[in-house]
Amino acid sequence: MGEVTRRTFLAAASAAAAGAATGPWVLRAQAQSTEPIKVGVVLPYTGVYAELGVSITQGMKLVFARENDRVAGRKILMIQEDDEMKPPVGIRKMEKLIDSDKVDILTGPVHSGILMGMRDKVHSSKTILIVSNAGADAISRERCSRWIFRASFSNWQPNFPMGTWVAKNVSKEAYIAAPNYQAGKDQLGAFKESFEAAGGKIIGEDYPKLGETDYAPYLTKIKQSGAKLVYVFFSGTDAVNFVKQYDQFGLKKTTKLTGAGFLTEPDVLPAQGQSALGIITGHFYSPLLDNPTNKKFVKDFRAQYGGKVPDGFACQGYDTAEVIIRSLRAVNGNTQDKDKWVDAIAKVEFDSPRGRFRFDPKTHNVIQPFIYIRKVEETALGLNNVPFDKVANVTDPGTGCTLPA
Amino acid sequence: MAFIPDFFGQALNGLAYGVLLFLLSVGLTLIFGMLDIVNLAHGSYYMLGAYAGLTLIAVTGNFWLALLVAPVAVALVGAAVERTCLRPLYRRGPLDQVLLTFGLIYVFEDLVKWIWSGRIRSIPTPALFSSSVTVLGATIPSYRLFVIVFGLAMAVALWALIEKTRLGAIIRAGVFDSEMTAGMGINIDRVFTGVFAFGAGLAGLSGVIAGPIQSASPPMGASILVPALIVVVVGGLGSLKGSLVGSLIIGQAETFGKVWLPGASMLMIYVVMALILLFRPQGLFGRALK
Amino acid sequence: MTTARVVGFAALVAIVAAFPLFAGTYPVKLLQEILIWGIFAMSLDLLMGYAGMVSFGHSAFFGIGGYIAALALVKSPGLVSALLLPALAAAVGALVIGFFSIRVSGVYFIMLTLAFSQMFYAVTFQAAWLGAEDGLVGVPRPSVFGWDAASPRVFHAYLLVLVVLSVLFLWRIVRSPFGHVLRGIHDNEGRMQAVGYPVNRYKLLAFVIGGTVAGVAGSLYCQFVGSISPDAFLWTTSGEALLMVIIGGTGTLGGSMLGAAAFILLQSMVSSYTERWMLILGLTFVFLVLFAPGGILGALRGRVGIHS
């Protein structure tokens, strides 16, 4: 006993202390390395936009299934919650996922209002959010956050290139319309910016109410204006009602109908039917894209989901899941160090069905490899959006975004 | 000179929209006028009509057949609902009936979603009326002209049915004094079921008629209720004439509102309602309130 | 109030107060949401169960309370902004809407109140300065007598105190002579009028009281979530409150709180297990109206069957 020197004692004590201090970490790391990675999903599974929620989820599951629901030795657990497209419900579900389920990462939503409602809590709780749809420009502008990435699109992106393209290829005079809410104004705003810069003139501008069922007064105005070109943003039931009534008024014979891609996406195309033929839209995706990743994506998707043809929303889900998988691989499944994880996400780059996918480090918004100009035609897969031209590397301007924030 | 065809074009739009509103609301006002029931699930019958219609068209390819058969199917559903859920409540007064029909909105919406999925659907325009025509310089889809003619004919037919036929007299008598009418040997229960089914069928019919113009989705039952209720309140609960006049007024107000006061399009229908109710709280042709 | 009732109520309050001590964050949030909707439903029960006025426009006052709270709290996060201003605004709103609506009764009243709340929906949806379709976000919680309600514990206590005060207030109203007159009007309006009561004035007062409490509920909801959107004004929001009142038992006050709990738990939990929760909710409601019109409390007291 007498030979235990102070040094030995100190060495032993510090070893014990170090062991005690790091032991729990080691144990937790070991436990963590076997605990599943919880991916929270806030999407609408009821309501008119449920189809989008389903498509996005299907895209995500396709990727996770390919990876056998595992990454870096850990199981992936998706916890899905229905936000019903209602901000109070969406926020409640988000809080459940963060506070109660303690998800490692959050994805969603479809509704920009829900996204804006989620933004502050996500930011202050340092929960990583991969936006898999909502296009509110603000999230890539003044409301951007270090913890928020967007794998879908910003409202600006499909419309800005269309302005220039349409001015060059269709007409320099346009009548434009969108529903009377922020997303509608954002989308048309982006179009107007580039259209007018390319020498175009807006000869009419209308903002019907969201959920309008009777577009007749607006269509009559368009007819009476003699416009040769109409550019619109409509989605969901608005897109169906507008396109059908546009056709019924005989406007297709006199005026070219163009718009942001959501006008003719597969959630509305079947209901529009023949009325949609010939409509030209801009979008970052079409199932007919001719690259090897997309061809495989379409084949695997159809095999998995009973012949269903994937749409832009499924591609968004696919990309969201790819971002999660690849970033986790880069950090060896370490979900504890959020800073490292965020840095890994920002650096993710891969081949997506839409082209080469990467985030803009300035805004954490996806840089669209292409915005494709597509026309609705009858194809072997039924009515679909056939790409025939494209604009490369469309990056949201990110005005007012200062990261890290 | 372009003002005249421009104006006329919009007036035609307003007329078509007004007639659609009439078709939508007449079932609601009849059921109230005859049975004293506010059927909040009225929009659900409209929705059922649209969905039954599009299924029939998908199967038979014939719009006109769907127009004939779908309302009958919806009427049968209405009859079933009246017999099982509403008849027990007649003794209890209008409040419980209102509440029950409110619960039915949820039931129907989910059933429709279950059977037909939540995807947006639509009834294709019948081939006969798929083009547009020019009337006095104004372009209007021929289908909307059909709607105008059909709707106005319907209004006349309903008026004749209620005022001029024996069946109408029985119904009116049954509502006015059910005990006396029953005492005269008329099966009053069957009359009530029949009237309710008829109202539901009318709602279903308007769902098919509006189909080519509008899309169909499960939440449409709840959302179509508000314009229908407003038309009925403005026209006067229970008044067929009020329903027609009220919907024509609102149709024009909404249409010209969209042209001249674009920012106010969501509010227009409420403004009209508020103005009319300010001076006639019972609606244009409603029974005077005590 | 009997001793049993007082003890029971106190016990309930104690459990709710202590809830955060043994439950996780999410269940506590569910409880708080139930409490807030419970007040909203109770204020509607005052109208429905006691004065016999079925309003589908009660959400108008909920929304007014929420929006005024949002606008005021951002400027000055105190009790005046959190409670006084929203309550006043809701009271004024109820006075105006009530003035127009109470002229008519029964079905007309239902439809008119419905239309009014939809009107508010349309106005707030369009108004850019009110956040348009997204509403107002980033609403801070108030500071209450020096304590910051942003702290979960303080908020829980603050909410509980307000809920208890609201319950006691409504309870007092219902038990007062005023409450008795209301019930008399509900039972037989003609008779009350013949006896000389200014029936419409009583109804208007009830409407304003109910609307004010609804405004407080709306303001609390806004503080709870930190945001408010036009959806608060939807007639279906009124409808949901109606469902809560019926489920719990019309004319019981306490039943409304039970109904709120049942509805919110159903909506949150059932939707996690099945997509068919709307069908379940609707059928539950239909069965309740048909077979248990007294709601849960009514059933507990034996009022079950078609001809209750």
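Colleague: How many residues does the contact take from chain B and from chain C?

Modeller: This is a predicted model, in which local features need pLDDT of at least 70, side-chain atom pairs count only at pLDDT 80 or more, and totals for chains, interfaces and linings use all residues. Residues are numbered from 1 along each chain as its sequence is written, chains are lettered from A and ligands numbered from 1 in the order in which they are written, and side-chain values use heavy atoms, leaving out hydrogens and water. With contact meaning heavy atoms within 4.5 Å, the numbers are 44 residues from chain B and 43 residues from chain C.

Colleague: Which residue of chain C forms a salt bridge with B:Asp110?

Modeller: A salt bridge requires a side-chain nitrogen of Lys or Arg within 4 Å of a carboxyl oxygen of Asp or Glu. The count between chain B and chain C is one. Its closest N and O atoms are 3.2 Å apart, and the partner of B:Asp110 is C:Arg276.

Colleague: Is B:Trp64 buried, partly exposed or exposed?

Modeller: Relative accessible area decides this: under 20% is buried, over 50% exposed, and in between partly exposed (1.4 Å probe, protein chains only). Because its value is 33%, B:Trp64 is partly exposed.
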